[in-house]
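Please open the structure in the viewer and keep the sequence at hand.

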Amino acid sequence: QAQLVESGGRLVQTGGSLRLSCAASGLTFTSYVMGWFRQAPGKEREFVAANWWSGAKTYLAESVKGRFTISRDNAKNTVSLQMNNLKPEDTAVYLCAAAHLVGVITPEAVSQTANYGYWGQGTQVTVSS
């Protein structure tokens, strides 16, 4: 059974940085699209970033482009989200997810929550103003 465990969330001030990590087990890591989503109270789950083809391809939501970076370590089965210049609107629970997509993988496909079969429990990121 696949398991995803996030870590790294905490309280940070506006303009600060955080690095979230997700450790994956029980799946063939390089075969999966790894994504980060976030969910704020009262809001729908929102796509943040995804990484596939063993890390060669990435896609970021417009709201985080230029501030967030996604990367993976295939040797350690981990995917990370480096978040810089954090804003109060980045406050949310951040969730790691894994999707086994075949064929042509598009940004539209990797941004859809329905395509992800495995999810972590999430880690809280709070950005104070």
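The stops below lead from the whole chain to its core.

This is a predicted model, in which local features need pLDDT of at least 70 and side-chain atom pairs count only at pLDDT 80 or more, while totals for chains, interfaces and linings use all residues. Residues are numbered from 1 along each chain as its sequence is written, and side-chain values use heavy atoms, without hydrogens and water.

**Whole chain.** Select the protein chain and display its C-alpha trace, which spans about 40 × 25 × 25 Å along its principal axes. Of its 129 residues, 43% count as buried, that is, under 20% relative accessible area with a 1.4 Å probe, protein chains only.

**Elements.** Next, colour by secondary structure: the protein chain has one helix and 11 strands, taken as DSSP runs (H or I, at least four residues, for helices; E, at least two, for strands) and numbered from the N terminus. Their order from the N terminus is β-β-β-β-β-β-β-β-β-α-β-β.

**Core.** Now select Val33, Trp36, Leu81, Met83, Tyr94 and Val110, the residues with the most contacts inside the largest nonpolar core, which has 42 residues. Such a core is a set of buried Ala, Val, Leu, Ile, Met, Phe, Trp, Tyr and Cys residues joined through side-chain atoms within 4.5 Å. Among the elements that each supply at least two residues of this core are strand 4 (33–39), strand 8 (78–83) and helix 1 (107–110). Finally, select strand 9 (92–99); the largest share of this core, six residues, comes from strand 9.

How values were computed:
Buried < 20%, exposed > 50% of the residue type's maximum accessible area, 1.4 Å probe, protein only.
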